[in-house]
Amino acid sequence: TCRVIGMQVAASAVSWFKTQPLREITSWNACEVSEDGLTLAIPKMDAQRENGYKCVVEKRGKTSEAAFEVFLQPQEVDLVEAAEDRVDFIEGASVVLRCNKLHPVNNIWWTCNGRELTNAEDNVRIRNGRDYAELVFRPAKLSDKGTCTCHAQGQGGEDSADIQVGGEQNEVTIIPKSTKVTCRQADDAKCTIEFDVTSKIGSPKPNDVKFWSLKDGHLFESFNMVQEGDTFIRSYGKWRNPRLSGQYVAVVTVKGKTYQSEPVAFTVLPKV
């Protein structure tokens, strides 16, 4: 709507134009103009009618104009949805959070409790399929509880889906004293990887606890450990080799059930 201040103008003195490119609107099939000529209405707005518009008022050889930008509001589209609104886990097991893609997306990522997650960092695995995205905690820790969110960007804008994650403490807990252990080859000092084991269903004996190397995330080769109270220790002497570097876990078997710790990154640096 154009408003003329300080004078009266006839409808014949008002012209309407599209500005991109500039051309006068002479056909009112898609537009309606009020009787005074000062209001232009577009009853059926669509993308083809997005443009700049202006009204021009001419009187006594002088002209005045007012410009408008007319566009459609972006349509909100649901890009993703949670396969389940809530998932629960037992500490030490694997838990999978799945997000289904409803429309094509350009980018997808996960946050948990406000922190963005990175694939292969700690116990996090992220898979991005054609029609889905998955967040896997393997093994799951009690600190993984909370709210995890699948975020997506696409032509429909941005969207997200929340998943509530609950967890229960295991009957047997295995906690590494450090998740990163670094030693140097040929140093005299022993290099130790230690795990504190607590059990509600019976105390494990030395033969019940094994030290395993991981290969592609799976148990590969086992070794014995030494027990000192509730702590189980794997030691390497000065002849340790950089080839031993990798991911290791402790696996405990109590009353026929098996429990696994989170991985420890063990690095042996070459001797100097």
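Predicted model: local features only at pLDDT ≥ 70, side-chain atom pairs only at ≥ 80, totals over all residues.
In the hairpin of β19 and β20, where two residues lie between the strands, D216 takes a positive phi near 55°. D216 is placed in the loop between β19 and β20, and D216 is exposed, its relative accessible area being 69%. Between the C-alpha atoms of D216 and G61, which stand 155 residues apart along the chain, the separation is 83 Å.

**The hairpin and the strands paired with it**

- β19 and β20 run antiparallel to each other and are paired over five bridges, with L214 standing opposite L219 in β20.
- β19 also pairs with strand β23 (residues 246-254), again in the antiparallel sense and over five bridges; here K210 has V251 in β23 as its bridge partner.
- β23 in turn pairs with β25 in the antiparallel sense, over three bridges, and in this pairing G246 stands opposite F266 in β25.
- Strand β17 (residues 180-184) and β25 run parallel and are joined by five bridges, V181 having F266 in β25 as its bridge partner.
- The residues of strand β25 (residues 264-269) fall on two faces, a covered one made up of V264, F266 and V268 and an uncovered one made up of A265, T267 and L269.

**Aromatic contacts and charges over rings**

- The structure holds six aromatic pairs; one that is tilted is formed by F211 and F223, at 6.4 Å centre to centre and with 50° between the planes.
- Because F211 lies in strand β19 (residues 209-215) and F223 in strand β20 (residues 218-223), this pair ties together parts that are twelve residues apart in sequence.
- K54 lies over the face of F17, with 6.0 Å to the ring centre.

**A five-stranded open sheet**

- An open sheet with mixed pairing is formed by five strands, arranged in the order β8-β15-β14-β10-β11.
- The edges of this sheet are β8 (86-90) and β11 (115-116), each of which pairs on one side only.

**The largest pocket**

- The largest pocket holds about 360 Å³ of space; it is lined by 24 residues, of which E91, G92, P139, A140 and Q260 are the closest to its centre.
- β16 (172-176) and β24 (257-260) each supply at least two residues of this lining, and β16 gives the most to it, with five residues.
- By residue class, the lining of the largest pocket divides into twelve nonpolar, eight polar and four charged residues.

**The second largest pocket**

- The second largest pocket holds about 270 Å³ of space, and among its 15 lining residues V4, M7, V57, T63 and S64 lie nearest the centre.
- At least two residues of this lining come from each of β5 (51-59) and β6 (62-70), and the largest share, five residues, comes from β6.
- The lining of the second largest pocket is made up of seven nonpolar, two polar and six charged residues.

How values were computed: Residues numbered from 1 in each chain as written. Heavy atoms only, no water. 1 Å grid on protein atoms, 1.4 Å probe; cavity = no way out; pocket = protein on both sides within 12 Å on 5 of 7 lines; lining within 4 Å. Points joined across faces, edges and corners; volume = space filled by probe spheres on them. Helix = DSSP H or I, 4+ residues; strand = E, 2+ residues; numbered from the N terminus. Nonpolar A, V, L, I, M, F, W, Y, C, P; charged D, E, K, R; others polar. Pairing = 2+ DSSP bridges. Phe/Tyr/Trp six-rings, centres within 6.5 Å; stacked < 30°, edge-to-face > 60°. Lys NZ or Arg CZ within 6 Å of the ring centre and 35° of its normal. Buried < 20%, exposed > 50% of the residue type's maximum accessible area, 1.4 Å probe, protein only.
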